[in-house]
Amino acid sequence: MKDIAKRFPENPLLSPSDILPSHKDLQVACLLNPGVFRYNDKIWMIVRVGERPEQKSDTISFPVLTTAGVEVIEISKNDTELDVKDARVINYKGVDYLTTLSHLRLVCSDDGRKFHEPEGYSLLVGQNSLESFGIEDCRVTFIDGIYYLTYTAVSDNGVGVGLRSTVDWKNFQSHGMILPPHNKDCAIFEEKINGQFYALHRPSSVEIGGNYIWITSSSDGIHWGNHQCILKTRKGFWDSERIGAGASPIKTAQGWLSIYHGANHDHQYCLGAFLMELENPSKVIARTEKPIMVPTEQYELSGFFGNVVFTNGHIVNTEGDTVTIYYGASDEFVCGAEFSIKEIFSLLQYC
Ligand code: MAN
């Protein structure tokens, strides 16, 4: 399927071999899903780095965080209590684990294409028992001089949304888990609306309900309420199984434009867009019927978990009409693509 993404010829921008592991017993298996922001006249990404030990032929081994640090669990592939679900998740003795442990790492660039790790910035790692399987897919929102980092916090308690904030990317304040399991894909709007913070998020229900996009508001950016479900999966479409917001919605004259991911039954992840009313973003006024981006390139089709384009970071180029979307390809590489906002609008169908 043809899409409207103008992929960077430099793709992949970053691969696992471009950075060093954080721990002597681990290797970088995947580099993915960056949050993106401007700071000190540069473009920065806070990338998710997924690590695990070198794999042996007869066992599966993966790291978890304990109070003593990184601990590696190794299980024989012949163990009847081991259930390998896919490259990302396994179940052992009835408990789900992740095959990689993720932390977040800062890289920066002058041109938005060549990124390097600057000196003097620390890794962001899981900090407590709600983050023992790692922290993932960070979205960055800048409001009133503060950067808000919402990310997926994973542990055997479940998957929820954690929040940290910073003004200088060197000192961070932790605000704990702001949305409890099961919840992820939380993107705070870059502006308050009628004095309130707003955020999109994705709670999931295993029985009644589904993997839908919700909206919530808050007076302080930390305590959230007034939750409403605003966008659902569509049977028979590319977004039939799961949907989740990308980065902060983009403010346009016509409304708040959100880029979102949708997955189908075969775990193919594409990107689409929807539009919310400016004054009342709980009202969705339009949505793309077709995806704006579909995995088509080799690096999007095969890798750690193939057939995936997933975004949680972008840069809006205000003089032009473009948004540069940074995305994880195949859960292994960091890539970039430019989109015309007008072209995205031409694919929106008004409800
Ligand atoms: C989930 C998340 C993402 C990941 C996709 C595709 O939505 O875990 O981090 O990129 O699946 O595997």
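Strands, as I use the word here, are DSSP runs of E with at least two residues, and they are numbered from the N terminus. The model is predicted, and I take local features at pLDDT of at least 70 and side-chain atom pairs at pLDDT 80 or more, while totals for chains, interfaces and linings use all residues. Residues are numbered from 1 along each chain as its sequence is written, and side-chain values use heavy atoms, with hydrogens and water left out.

I looked up His182 and found it in the loop between β13 (172-179) and β14 (183-188).

**Entry: positive phi**

I then turned to β14, the strand that holds Asp185, where the phi of this non-glycine residue is positive, near 55°. For burial I use relative accessible area (1.4 Å probe, protein chains only), with buried under 20%, exposed over 50% and partly exposed in between. Asp185 counts as buried because its relative accessible area is 3%. Asn194, in the loop between β14 and β15 (197-203), is not a glycine either and has a positive phi of about 50°, but Asn194 is exposed because its relative accessible area is 62%.

Two strands count as paired if DSSP finds at least two bridges between them, and β10 joins strand β11 (residues 146-155) in the antiparallel sense over eight bridges. One residue I followed across this pairing is Ile135, whose bridge partner in β11 is Ala153. Two residues lie between the strands of this hairpin, in which Asp144 takes a positive phi near 50°.

**Entry: the ligand site**

Which residues surround the ligand? Taking a heavy atom within 4 Å as the cut-off, I list Asn33, Arg48, Arg88, Asp137, Lys184, Tyr269, Phe305, Val308, Phe310 and Asp331. For polar contacts I looked for pairs of N or O atoms within 3.5 Å; within protein, one must be able to donate a hydrogen and the other to accept it, and residues adjacent in sequence count only if both atoms are side-chain atoms. A polar side-chain atom of Asp137 is 2.5 Å from an oxygen atom of the ligand, and an N or O atom in the side chain of Arg88 is 2.6 Å from a ligand oxygen. For Asp331 I read 2.5 Å between a side-chain N or O atom and an oxygen atom of the ligand. The ligand has 300 Å² of accessible area on its own, of which the protein covers 91%; such areas come from the Shrake-Rupley method with a 1.4 Å probe, and for residues only the protein chains shown count as cover.

**Entry: contacts across the sequence**

Ser340 lies in strand β25 (residues 333-340) and counts as buried because its relative accessibility is 13%. Lys251, in strand β19 (residues 250-252), counts as partly exposed because its relative accessibility is 46%. From Lys251 to Leu278 I read 7.8 Å, C-alpha to C-alpha, for two residues that are 27 residues apart in sequence.

Note on methods. Helices (H or I, at least four residues) and strands (E, at least two) are DSSP runs, numbered from the N terminus.
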